[in-house]
Amino acid sequence: MTWYARITGWGKYVPGRVLTNFDLEKIVDTSDEWIRTRTGIRERRIAAPGETCCSMSVAAAQKALEVARLNPTDLELIIVATSSPDYLVPSVASMVQDRLGARGTPAFSLVAGCTGWVYALVTASQFIQTGAYRNALVIGTEHLSVGVDWTDRTTCVLFGDGSGAVVLEASEQPTGLMAFDLGSDGSDYDALIFPGCGGVHPPSHEVIDQRLHYLRMDGHRVFKFATRVMADSVAKVVTASGLTIDDIALIIPHQANDRIIELARRRLGVPPEKIMVNIDRYGNTSAASIPLAFVEAIEEGRIKPGDRVVFVGFGAGLTWASAVFHWEPQEPTAIAVADWPIRERLAQPIARARTALWSARVSLATRIEPLLLPLYAFAGSYKKRRKKK
Ligand code: ACO
């Protein structure tokens, strides 16, 4: 028996407290203009005292369970992706399991930086596809406002808090997860890191004095990595799914920087309306950013049953991940299901050739474009000089 992992419930939670770029101007030496033009962020949500990774996860999960019409007691697996848990031990997933009233349900947390939720989604899907579990709750959540250094303008302007959750259920019909691509390059582990309070720098006065307990990021290194892997991973996963990029209704990328998203979009050759962007309102919510964007895309009616969507993330590790999902929130009817594989089969030879061409073009752009960047800069300054004359 082949099982498929279908998304049947979704929910999000963001704290009520809004921190705008103008508010940040009063905290660090920055400006609304700098933040907007460099990142696309206008505001972000900040957890109130008492709001935590666990409470935000529970709020998002309850909504997802309501949509899926599932009782917490029916849950068979809970995975929470986060890099800013309430405690190092125990895992926030166990606390969420208890607060939901999902007695005895296996629960664990997963750390893969901003990529975490896609890793968790793919992991949960494996349990369902093997027939081990009939459903799973997959949460992406972050409480990063307690992990950033509010005196460091290079990081504190970027991040926000929030939570997004989905329920996966087993289906006998071919739907749900179609393909995935997971990756990691640990040689750049220190490009995005909480250096203090782990085994290398255990808690000490020195760690606190040197502010090693806060997030440190080499923005340039992460930017270069992200622009390379995002387009490459999408090209790879779309090819693996047997679809063409034209078959994809919406790409839902990790919301770290709108310039990174725009570069990837151009390399993939897709129109702006096929990319979900909500970074302006929430900033970078790390593992929560893709599920938050996904839930908003549903709420805004940007995806409809039968659509194929791509999730793509990158982050600490450094890691990356993408997945193609057939979005069928209601169990597909027998007629639609019968139609699905035939349609795919007929279109396959042409699709394969078109995808191979497109994939080669994306991969070429990913490699050639960075080499051309100095030329663009030179052409820009040459134009400016001519204008002045
Ligand atoms: N306000 C004003 N000026 C600033 C600020 C700020 N908030 N931050 C930096 N600057 C200054 C710098 O000091 C620098 O000044 P200088 O030229 O006098 O030295 C100047 O602005 C330019 O700084 P850059 O670092 O070159 O700016 P850049 O255009 O690279 O943008 C940014 C920085 C936004 C951080 C970018 O590198 C980026 O987005 N990188 C990717 C980050 C990312 O995606 N991280 C999340 C990964 S996911 C996860 O797992 C959490």
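This is a predicted model: local features need pLDDT of at least 70, side-chain atom pairs count only at pLDDT 80 or more; totals for chains, interfaces and linings use all residues.
Which residues does S145 touch, not counting residues up to four places away in sequence?

**Stop 1: S145**

You'll find S145 in the loop between β6 (135-142) and α6 (153-156). Leaving out residues up to four places away in sequence, S145 touches I46, A47, W150 and D161. Show the side chains of S145 and D161 next: a polar contact of 2.6 Å joins them. Is S145 buried or exposed? Its relative accessibility is 11%, and buried means under 20%, so S145 counts as buried.

**Stop 2: S125**

Now jump to another serine, S125, which sits in helix α5 (residues 116-129). S125 has 0% relative accessibility, so it counts as buried. To see what is around S125, select A5, L168, L177 and F325: these are its contacts once neighbours within four places in sequence are set aside.

**Stop 3: the ligand**

- C114: a polar backbone atom is 3.1 Å from a ligand oxygen.
- R259: an N or O atom in the side chain is 3.0 Å from a ligand oxygen.
- A316: a polar backbone atom is 2.9 Å from a ligand oxygen.

**Stop 4: α8 against α9**

Keep R259 on screen, as R259 is also one of the α9 residues that meet α8. Colour helix α8 (residues 219-241) and helix α9 (residues 258-268). How do these two helices pack? Their angle is about 40°, their axes are 9 Å apart, and α8 passes α9 in a right-handed crossing. For the contact itself, show F223, A226, T227, R228, M230, A231, V234 and A235 from α8.

**Stop 5: R265**

Stay in helix α9 and click on R265. The R265 side chain makes a polar contact of 2.9 Å with the side chain of E262. Beyond residues up to four places away in sequence, R265 touches V270, P271, P272 and I275. To finish, draw a line from the C-alpha atom of R265 to that of T227: the two residues are 38 apart along the chain, and the atoms are separated by 9.9 Å.

Methods. Residues are numbered from 1 along each chain as its sequence is written. Side-chain values use heavy atoms; hydrogens and water are left out. Axes are lines fitted to C-alpha atoms, for helices over the stretch in contact, and angles run from 0 to 180 degrees between N-to-C directions. Helices (H or I, at least four residues) and strands (E, at least two) are DSSP runs, numbered from the N terminus. A crossing is left-handed if the near helix is turned anticlockwise from the far one by less than a right angle, and right-handed if clockwise. Contact means heavy atoms within 4.5 Å. Buried means under 20% relative accessible area, exposed over 50%, partly exposed in between (1.4 Å probe, protein chains only). A polar contact is a pair of N or O atoms within 3.5 Å; within protein, one must be able to donate a hydrogen and the other to accept it, and residues adjacent in sequence count only if both atoms are side-chain atoms.
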